[in-house]
Amino acid sequence: MPSNATALLHQGDDRQRHHGAISTPVYRASLFGFESYADFEVATANEIAAKTPVYTRVCNPTRQALEEKIALLEKTDRAIAFSSGMGAISAALLAFLQQGDHALFVSGCYGPTRQFADTLLSALGVEVEYYRAAESPALEKRLKPNTRLIYLESPGSLTFQIQDIRAVTQLAQTRNIITVIDNSWATSLYQQPITMGVDVVVHSATKYIAGHSDVVVGLLACNEDLYQRIKPIAALLGANLSPDDAWLVTRGLRTLPLRLAAQEAAALKIARWLQNRPEVRQALYPGLPDFPGYALAQKQMSGSSSLFAFKLAPSTPKARAAFVDSLRYFTIAVSWGGFESLILPIGNAFKDLPDTRAALGIDDDTFRICIGLEDVDDLIADLSQGLEKFQMENKSP
Ligand SMILES: Cc1ncc(COP(=O)(O)O)c(C=O)c1O
């Protein structure tokens, strides 16, 4: 068997179908025509199975090539590409939840996922409940007779808490409960949740998978049976990825193994360096041996990406601003996973939910950084001068 890095370069690139084109062309066509009544009948019967394109909202050859690569990486039968991560998440949730169901979500999940659950799912009559990541090895006491779905995000994307994926899926399988996981942080390359019993994997592929900060995209992967249930819902919701964007994501995906390896090495170096700085109380990076979930992370993932958090010494708002404003290569911005380094003050996260904030270990001095593809020593020099400014400002009366 070739490695994932090799296989993903060729999977889904059906050269015979596309006149030998090495890169699957952009099929910028909203519809596809047929030679005969019989051809049309066959095509429409097969469209959900995604074999013959009829209408691009449901099926498009450029998107198919990307979907086949993702299904391969996730070690499952099928993938669906969406116009955003939220498109993938909402399709997965709406496919399985209905009035009267109970659904468990990890409390630190991505904010808009939580909002989706609290507003749209609750309005549909779904009972939404949150569990702490630390409860994941023993979730049984949270289950109810009507529990239909458990949602995981491991690692989380603020303080990177690891959930025990195998423990959750073993429990869920005994009760016929669907499990859904957000796998954006580790990507399909470093974590394959379906091999640990998860039913549905979702991604904000806007992050590392696309990797160039120029496209918003979602992905979902699952087995054939679940695909048959989710795909019709996805087609109705209409958050399909455009052929142009599918082409961009496929292009980005080809260098994912190289980018992730470089970003992981740089992130580890910077996390270790930060840990030794007097201005830093703690670095929260799943690739560090003293990260609280390190042992579990090692069992579930084959690598770490480059998004992590750190806590500065107790500081004034002015000192925090002096640090962030002085950075040259870390842009203050949301999102992550692109070629560029970013910094985000996350001290305000979950201020309205103090228990969740405490469970996530977030305080006013917490920052999240994403390490990009810049030279690692340039990044360290930049952080170093920033921390010096922070220290000066924090000391001044
Ligand atoms: C962990 C995580 N999941 C899902 C999403 C949603 O993805 P998108 O913005 O592509 O809709 C994001 C976006 O930041 C995210 O960080």
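In which helix is the place of Thr187? Thr187 belongs to helix H7, residues 187–190; helices (H or I, at least four residues) and strands (E, at least two) are DSSP runs numbered from the N terminus. The phi angle of Thr187 is near 65 degrees, a positive value in a residue other than glycine. The model is predicted, with pLDDT of at least 70 needed for local features and 80 or more for side-chain atom pairs, while totals for chains, interfaces and linings use all residues. Residues are numbered from 1 along each chain as its sequence is written, and side-chain values use heavy atoms, with hydrogens and water left out.

A cis peptide bond, with omega about -10 degrees, joins Ser154 and Pro155. Pro155 is located in the loop between strand E4 (147–153) and helix H6 (165–174).

The largest pocket holds about 630 Å³ of space. A pocket is an open set of points on a 1 Å grid over the protein atoms alone, where a 1.4 Å probe fits, with protein on both sides within 12 Å along at least five of seven lines; lining residues have an atom within 4 Å of a point. Of the 32 lining residues, Tyr110, Gly111, Pro112, Ser157 and Arg368 are the closest to the centre of the largest pocket. Helix H4 (85–96) and helix H5 (111–123) are the elements that give two or more residues to this lining, and H5 supplies the largest share, five residues. Because domain 1 (4–253) and domain 2 (256–395) both give residues to the lining, the largest pocket lies between them; the domain bounds come from an automatic or database domain assignment.

Around the ligand there are 15 residues (a heavy atom within 4 Å), of which Gly85, Met86, Asp182, Thr206 and Lys207 come nearest. Polar contacts are pairs of N or O atoms within 3.5 Å. An oxygen atom of the ligand is 2.6 Å from an N or O atom in the side chain of Lys207, and for the side chain of Tyr110 the corresponding distance is 3.4 Å. The protein covers 90% of the 390 Å² of accessible area (Shrake-Rupley method, 1.4 Å probe) that the ligand has on its own.

Methods
Grid points are joined across faces, edges and corners, and a volume is the space filled by probe spheres set on the points. A polar contact is a pair of N or O atoms within 3.5 Å; within protein, one must be able to donate a hydrogen and the other to accept it, and residues adjacent in sequence count only if both atoms are side-chain atoms.
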